Amino acid sequence: MDIRQQVRDFLTQRFANVIVSEDNFRDQQSFTIRVDGLFDLCQALYDSDLDIKYLADITSVDWYGDTEEANGRFQVIYNLYSLKFQYRFFLKVRLPADKPEIQSLTPLWNGANWLEREVWDLMGIVFIGHPDLTKILTPDDLEGHPLRRDFPLTYEVPQFSWNKDAPPEVIK
Amino acid sequence: MPEAKTVTLNMGPQHPSTHGVLRVEVELDGETVVKARPVIGYLHTGIEKTMESKLYYKAIPCTDRMDYLAPMSNNLGFCLAVEKLMEIEVPEKVKWARVCLTELTRIASHLVWLGTHALDIGAMSMLLYTFRERELIIDVYEACAGQRMMSTYFRIGGLAHELPRDFEKKIRTILKVIPERMKDYEALLTNNQIFINRTKGVAVISADDAINWSLSGPMLRGSGVKHDLRKANPYSAYEKFDFEIATGTNGDAYDRYLLRLKEIRQSLRIVQQALDGMPEGPYRAHVPGVVLPPKEDVLHKMESMIFHFKIITEGFKAPKGQVYQAIEAPKGELGFFISSDGSNKPNRVRVRPPSFINLAALPALVEGRLFADVVVAIGSIDIVLGEVDR
Amino acid sequence: MGLEERIPDSIILTSLDKMVNWAHKRSMWPLGFGLACCAIEMISTFAAHFDLSRYGMEVMRPSPRQADLMIVAGRVSMKMAPVIKTLYDQMPNPKWVISMGACASCGGVFNNYAILQGVDRIIPVDVYIPGCPPRPEQLMEGILKLQEKLEKESVKDKREEWGRQVV
């Protein structure tokens with residue numbers, strides 16, 4: 001039986017109440033799961049014989065201003081890879097706008113440390129249980145989380161000969 | 001008896017051997033490193049947010065500036081991700097040309113790594129030799145796209161222009177010259193007692209630790225894990241080429257040095273195969289409304305001109321969904337995650353930066369060792385700060 | 001030379017100026033300070049193919065106390081700006097600044113929250129070199145222009161008042 005079906009069986013047998021939906025856009029298997037079941041699910045995948053010991057990436061998407069926001073403003077996506085089967089799949093979690101908190105995966109994977117710090121810095125999602133959740137990329141005096149859709153790009157209008165005497169105008 | 005206290009030393013953002021603006025705060029007890037904490041963000045450019053405000057193919061020049069030592073591999077990753085999202089099938093010639101140029105990029109990146117790594121250890125003439133070889137490869141970039149470094153040659157659906165007329169001649173020169181010069185490098189460094197003393201047993205990481213820290217590229221393969229995305233999940237016609245994966249045994253800096261030299265040789269092999277078997281055909285896919293038509297058609301046919309105008313001003317609307325495409329960049333697994341909300345601009349572009357994740361493992365490599373090993377470890381991880389900070 | 005502060009304004013010096021300017025321009029020591037992609041082109045210029053040591057810039061000093069030319073090569077982010085100002089203040093007079101590349105001159109490709117729109121907002125710049133990244137020949141042309149500018153200097157000028165009006 002191929003690896004895609006094996007992953008699907010593993011998850012539906014043991015964690016059927018945590019999975020919300022499955023989706024196969026462009027042949028990429030991804031499961032949308034509930035927030036509270038994430039850590040146990042990842043622990044079970046780590047200990048299973050599917051060899052899911054490689055966490056490739058942790059990403060976040062902000063759906064502010066889109067019709068999708070009704071399902072939850074933030075979406076955190078975990079990119080898991082199996083070295084033995086050379087297979088990649090995704091776990092997606094939706095978080096509400098007023099409480100963007102999720103359990104940290106640093107006890108399982110050391111590589112999650114900096115990845116979660118970056119998601120906190122740029123998007124503002126709090127990871128409970130992270131050892132050192134501080135700013136990593138933005139300067140210390142920048143307030144706010146830059147990658148959110150309501151943070152402006154802060155584009156400055158270039159100064160030409162007709163507006164060079166005024167201070168530069170910032171378009172938000 | 002007073003207790004011994006540790007000294008906190010700052011290897012600041014401006015330092016000759018940190019390969020850019022990396023700051024490392026080291027706590028030293030004598031010469032032994034007790035704690036090492038890298039501080040990054042001095043080159044944060046907000047490239048991901050900039051790409052959200054641009055049309056899909058206008059975002060390609062932003063990708064060049066991330067890993068600026070291997071610009072064509074960034075272009076390749078982004079173009080493959082967008083082509084996956086839009087379900088565009090590119091012609092065979094484009095795939096082979098992309099493989100050829102990406103492998104040349106890998107050779108150029110490893111040459112710069114070799115020069116700067118040897119410079120940090122003390123062998124200063126290696127920098128001059130490797131930059132001389134790199135000029136040959138930059139010459140090919142300039143013939144293809146007109147720019148020495150940030151060429152932006154790969155576009156969505158194909159290449160920017162037709163391959164130049166002297167493409168084959170220039171690459172055959174490279175294939176003849178570089179193996180000879182590689183013998184010089186090996187004679188200088190491989191059996192050099194000083195180099196061996198400084199790199200053998202230094203910056204060691206075991207295979208299980210490497211997988212747990214999510215390392216990729218030569219860092220992972222140096223510890224013995226045989227994982228290369230070109231063989232595991234092939235993209236862009238890599239399954240038709242015959243090459244070996246280089247692995248190390250101990251996971252120390254010396255093994256990674258030998259591994260990268262072997263990767264240069266395997267890349268030369270791939271370039272030879274690509275040049276010998278390059279198929280004929282168009283240099284862009286024909287997908288009206290999405291891929292820019294060739295310039296000859298734009299100047300002569302009406303529909304091409306209309307499509308050209310529409311694509312340049314409005315772009316194309318991508319279907320709603322999220323894709324991820326990973327390639328094997330010289331530094332590791334470079335991935336592009338594009339989330340589209342159905343409009344002509346991407347909702348979120350995320351770059352999975354191999355250097356950022358590899359650099360996170362620096363404390364595990366140097367704690368408990370001598371201070372001089374910090375410089376060797378940073379050089380052996382092969383970071384480029386443009387990608388770490390984006 | 002502490003002599004230049006004590007010369008009154010009514011004295012004209014020609015041959016001394018020429019000798020001092022010749023010494024300045026033929027043996028500048030650049031500060032090894034590369035930020036991003038332009039740094040690689042700068043290293044290529046210092047390497048064997050386009051050799052910069054024929055202009056006297058063979059020695060690249062890592063410490064700002066021993067350098068007199070700062071080539072700001074690369075994009076200046078908001079977190080790095082105070083560091084650059086500190087480095088500039090640490091360099092002893094006389095000092096010159098070349099802003100290499102589009103990002104250092106005016107913000108370049110990136111016009112957003114994270115990049116300082118031109119390094120001349122914090123330090124005075126002598127020569128601007130456009131390009132993304134500028135070719136090694138362009139960098140050499142910029143250095144030659146700086147040398148031309150140097151020929152017009154005099155020993156009596158007060159270096160602290162030079163430079164563009166800093167915003």
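From the N terminus on, the elements of chain A in this predicted model follow the order α-β-β-α-β-β-β-β-α-β-β-β, with helices (H or I, at least four residues) and strands (E, at least two) taken as DSSP runs numbered from the N terminus. Chain A has a radius of gyration, taken over C-alpha atoms, of 20 Å, well over the 16 Å that the globule rule (2.2 Å times the number of residues to the power 0.38) gives for 172 residues, so chain A is more spread out than a compact globule. Along the principal axes, the C-alpha atoms of chain A fill a box of roughly 70 × 35 × 30 Å. Of the 172 residues in chain A, 35% are buried, that is, 20 or more other C-beta atoms, placed from the backbone, lie within 10 Å of their own.

Residues are numbered from 1 along each chain as its sequence is written, and chains are lettered from A in the order in which they are written. Local features need pLDDT of at least 70, side-chain atom pairs count only at pLDDT 80 or more, and totals for chains, interfaces and linings use all residues.

Contacts (C-beta atoms, placed from the backbone, within 7 Å) link 26 residues of chain A with 32 residues of chain B. Elements giving two or more residues to the chain B side include helix H1 (47-52), strand E6 (321-329) and strand E7 (332-340) of chain B.

Within chain B, helix H4 (residues 92-121) reaches 44 Å from its first C-alpha to its last. Of the 30 residues of H4(B), 27 are buried, so H4(B) is largely enclosed by the rest of the structure.

Technical notes. Buried ≥ 20, exposed ≤ 12 C-beta atoms within 10 Å, placed from the backbone. Contact = placed C-beta atoms within 7 Å. Expected span 1.5 Å × (residues − 1).
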